[in-house]
Amino acid sequence: MTVVVFTLLILLAAYCAGLLGSLTGLGGGVVVIPFLTLGFGIDFHYAVGAALVSTIATSSGSGSAYVKEGITNVRLGMFLEVATTVGAVTGAFVAVWLNSSVIAVIFGFVLILTVIMQQRRKLDHEGVVGSDAARRLKLFGAWPQRDGTLKHYELRNVGGGLGVMYVAGILSGVLGIGSGVLKVIAMDGIMKVPFKVSTTTSNFMMGVTACASAVVYVQRGIILPSVAFPTLIGVLLGALTGARLLQSMNVKRLRQIFFFAILLVALNMLYNGFTGRF
C-alpha cells in the first residue's frame with residue numbers, strides 16, 4: 001500500500017468516524033480509535049495520539065458555537081478544567097508505560113459505559129438547591145429557552161464533581177478520547193447541572209483536556225503526523241457534516257443501531273485485549 005492510498009483511506013475512515021460520532025453524540029475519538037486499531041492495525045499508542053489531536057480540533061470548533069449560543073457555563077468549565085488537566089497529564093504519563101492490550105481492555109469498558117449512558121433518560125434537575133461552595137464560587141448559571149427567556153439553575157457537590165473530573169482527565173490521557181461520558185456524569189449526575197448545559201460545557205472542556213495530554217505525547221514522539229494529520233482533517237470534516245445533517249434528520253433509529261455496533265466493537269476490544277492480540 002502506497003503512502004497516498006494509506007493517507008486517503010485514513011482520511012475516509014476518520015471522516016466516517018467524525019460523521020457517526022457527531023450524529024450519535026459519542027464524539028469522533030470514540031469511533032476513530034477502533035477504526036485505526038482494528039481496521040488498519042495501528043498501534044494503540046499512535047491511535048490515541050491521533051485521536052487526541054482530532055479531539056482538540058473538533059472541541060474548539062463546536063465548543064465556540066455553544067459558547068456563542070450562551071448554553072455553556074464557561075466559569076464552571078474553567079473551574080473543572082483544573083481537575084481534568086491535572087488528570088490528563090497524569091494519564092498521558094501512565095499511558096506511555098501501559099501495554100497496548102491493557103489500554104484496549106480499559107477502552108472496551110469505557111465504550112460500554114459510554115453507550116449505556118447515551119441510552120439513559122436525560123434530566124433537567126428541576127428545583128435543585130445549590131450548595132454554599134458552588135454559590136461562593138459563582139458557578140450557578142442560566143441558559144436560553146426557545147421563547148427568549150433565561151432558565152436559571154443551581155448546582156451542588158462541587159468536591160464530588162472535581163473528583164470524577166480528575167478520573168475523566170486520566171482516561172482522556174490514557175485513551176485519547178474526550179471522556180465526555182464521565183464529565184457528564186460529574187456535572188449531570190453528581191452536581192445536578194441541566195443535561196444540555198452539562199453536555200455543552202463538557203464539549204467546551206474536551207479541547208483543553210486533550211491539549212494537556214497531547215503535549216506529553218508529542219514530547220514522547222507518540223504522535224505520528226502521517227496518522228494524526230489525515231485523522232484530524234477527516235474527523236473535523238465529518239463532525240461538521242454531521243452537525244448539519246443533525247438539524248434535518250431523525251437520528252433516533254441510527255443511534256439505536258449504533259448502540260449495538262459500539263457494543264460489538266467494545267467486546268472485540270476486550271477480547272483482543274485479554275488475549276494479548278494488540
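I began with Cys16, which counts as partly exposed at 30% relative accessibility, where buried means under 20% relative accessible area, exposed over 50%, and partly exposed in between, with a 1.4 Å probe and protein chains only as cover. Cys211 is also partly exposed, with a relative accessible area of 39%. I then looked for disulfides, taken as pairs of cysteine sulfur atoms within 2.5 Å, and the count came to zero.

I noted that this is a predicted model, in which local features need pLDDT of at least 70 and side-chain atom pairs count only at pLDDT 80 or more, while totals for chains, interfaces and linings use all residues. Residues are numbered from 1 along each chain as its sequence is written, and side-chain values use heavy atoms, with hydrogens and water left out.

Next I turned to the strands, which like helices are DSSP runs numbered from the N terminus (helices H or I, at least four residues; strands E, at least two). Strand S1 (residues 141-144) and strand S2 (residues 150-153) run antiparallel and are joined by four bridges, pairing being called when DSSP finds at least two bridges between two strands. I found that Pro144 has Leu150 in S2 as its bridge partner, and that five residues lie between the strands of this hairpin, with Gly148 in the turn having a positive phi of about 90°.

Last, I checked residues 100-117, one of the stretches that the unreviewed UniProt entry annotates as "transmembrane region", an annotation that may be inferred rather than shown by experiment. Over residues 100-117 the chain is 100% helix and 0% strand, with the end C-alpha atoms 25 Å apart.
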